[in-house]
Each structure stands twice: as C-alpha cells, then as structure tokens.
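Subject: Structure handover

Hello,

The sequence and structure are placed below, and my notes follow them. Please read the notes with the structure open.

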Amino acid sequence: MDAADVAADLTEVLYTSDQIAGRLTEIAAQIDQDYADKDPLLVGVLNGAVMVMADLTRALHIHCAMDWMAVSSYGMGTHSSGVVRILKDLSTDLVGRHVIVVEDIIDTGLTLSYLMQNLASRNPASLKIMTMFRKPDALKIDIDVTYLGFDLPNQFVVGYGLDYAGRYRNLTDVGILAEHVYS
Ligand code: IMP
C-alpha cells in the first residue's frame, strides 16, 4: 500500500519509501563501520519495528543477529505512561553482546527509557539505539540516539510500521493522519 491508496486519510506525506530506503542505506553503512567484527545483536520492538528491522538488516554488509521484544505501555488512550509490561522477552542472553535496539519511533521516549534500563541490567558489552523516527517536541526524557532516520513534527503519523488502530503499518510511505480518521 502506498500514499496514493490512502490519499484521503493523509494530510501530508512526510517521507516516501524512496527517502526512507536512502536514509537506511546511509545508516547501514555507518553501522557496518562501527560494528565490523562485533557481530551485533539487533533487538526489535514489536510490532512497529518490523519494517525498519527487515530493511536495515538487509542493507548491512556485516553479519548480525536479530531478536524481538514485545512490550505494552500502560497509558491513557494515545498517551504513553512509561510503565511498561514485557509481553514477549528476548530469547538471547545479552551478556557480552553488542546490542542495537531498533525502534520505529520515539515519541515521549518513556517506553524506550524503561526498556533501555531493563536491557542495560543484563550486562551487554554495549547498548545503542537506532530509531527510524523521533518527535523531538514530544520527548519527555533524554534519550541518547546513536542512529536516527528522521525527526518528525509533533503530530500523529502512520506508515512504515506505524499504525492507527492496527491499520496503515503496511503503508510504504509515512504521512500525517487526517483528523477525520480518528475523530
Ligand atoms: P513513547 O513511549 O511515547 O516514546 O511511545 C512510543 C510508541 O508509541 C511507539 O513505539 C509507537 O508504537 C507509538 N507511537 C508514538 N507516536 C506515534 C505516531 O505518531 N504514530 C503511531 N504510533 C506512535
């Protein structure tokens, strides 16, 4: 599905699939350099990170492993509270591993902040963050992002793994969701 398929639901296309792919190629080249011979473990946060994980790992020229976590944030409606329940934990022991957490989007940062504390307590050799998107104006906590795709305006966006009510994850472009869809 691309932006033309859901044109009436979007007020603006922010990033096309080509722009996303181009940026991921640049980030992958940086990770190739930074992690040569480190055999990194990429940890994806379900469900949103599925697209970015699939495209980022295939753009790498080094070996890597992948594992997944599923978390649910206890929040009010669309607002994150930072209190997180782990629904699916990793199968991989992190001790001594070079870990890169792969995220779709950092909004308030509360979910990821909790997750980073949790992962750090498992004694990895290193722990970094790659996120495709970030909303700088929504951040409530300082998060040290090593690899960033794009910054976004503080609006509700869909596509490339980001959903509204379970839909639009398979939209290849990223756009601002029109108010009539959720009001
Ligand atoms: P945070 O704890 O506020 O950073 O929440 C992060 C999570 O909220 C992301 O992993 C997304 O699942 C969801 N989220 C935040 N902003 C958006 C958005 O604009 N569109 C879709 N999902 C979003």
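Two strands count as paired if DSSP finds at least two bridges between them. Helices (H or I, at least four residues) and strands (E, at least two) are DSSP runs, numbered from the N terminus. This is a predicted model, in which local features need pLDDT of at least 70 and side-chain atom pairs count only at pLDDT 80 or more, while totals for chains, interfaces and linings use all residues. Residues are numbered from 1 along each chain as its sequence is written, and side-chain values use heavy atoms, with hydrogens and water left out.

Strands

Strand β6 (residues 126-134) runs parallel to β7, and 4 bridges join them. F133 has F150 of β7 opposite it. Strand β7 (residues 147-151) is largely enclosed by the rest of the structure, because 4 of its 5 residues are buried. Buried here means under 20% relative accessible area, exposed means over 50%, and partly exposed is in between (1.4 Å probe, protein chains only).

An open sheet is formed by 3 strands in the order β1-β9-β8, with antiparallel pairing. Its edge strands are β1 (10-15) and β8, each of which pairs on one side only. Between β8 and β9 there are 2 bridges, in the antiparallel sense, and V158 stands opposite G175 in β9. In general, strands of a sheet pair through backbone hydrogen bonds, either parallel or antiparallel.

The ligand

The ligand is surrounded by 16 residues, and the closest are T108, G109, T111, K135 and V157. A residue is counted as near a molecule or strand if one of its heavy atoms lies within 4 Å of it. By type, the shell has 6 nonpolar, 5 polar and 5 charged residues. For this count, Ala, Val, Leu, Ile, Met, Phe, Trp, Tyr, Cys and Pro are nonpolar, Asp, Glu, Lys and Arg are charged, and the others, Gly among them, are polar.

- a ligand oxygen atom and a polar backbone atom of D107, at 2.9 Å;
- a ligand oxygen atom and an N or O atom in the side chain of K135, at 2.7 Å;
- a ligand nitrogen atom and a polar backbone atom of V157, at 2.6 Å.

The protein covers 82% of the 490 Å² of accessible area that the ligand has on its own; accessible areas come from the Shrake-Rupley method with a 1.4 Å probe, and for residues only the protein chains shown count as cover. The elements giving two or more residues to the shell are β5 (98-106) and α3. The largest share, 4 residues, comes from β5.

Helix α3 (residues 110-120) is itself mostly covered, with 8 of its 11 residues buried. These are L110, T111, L112, S113, L115, M116, N118 and L119.

Two single residues

G161 is in the loop between β8 (157-158) and β9 (174-177). It counts as buried because its relative accessibility is 2%. The C-alpha atoms of G161 and D104 are 6.8 Å apart, although 57 residues separate the two along the chain. Neighbours within four places in sequence aside, G161 is in contact (heavy atoms within 4.5 Å) with G48, M51, D104 and R169.

T57 belongs to helix α2 (residues 50-59) and is buried, with a relative accessible area of 11%. Its side chain reaches the backbone oxygen of M53 at 2.7 Å. Leaving out neighbours within four places in sequence, T57 is in contact with L42, C64 and M66.

Regards

Technical notes. A polar contact is a pair of N or O atoms within 3.5 Å; within protein, one must be able to donate a hydrogen and the other to accept it, and residues adjacent in sequence count only if both atoms are side-chain atoms.
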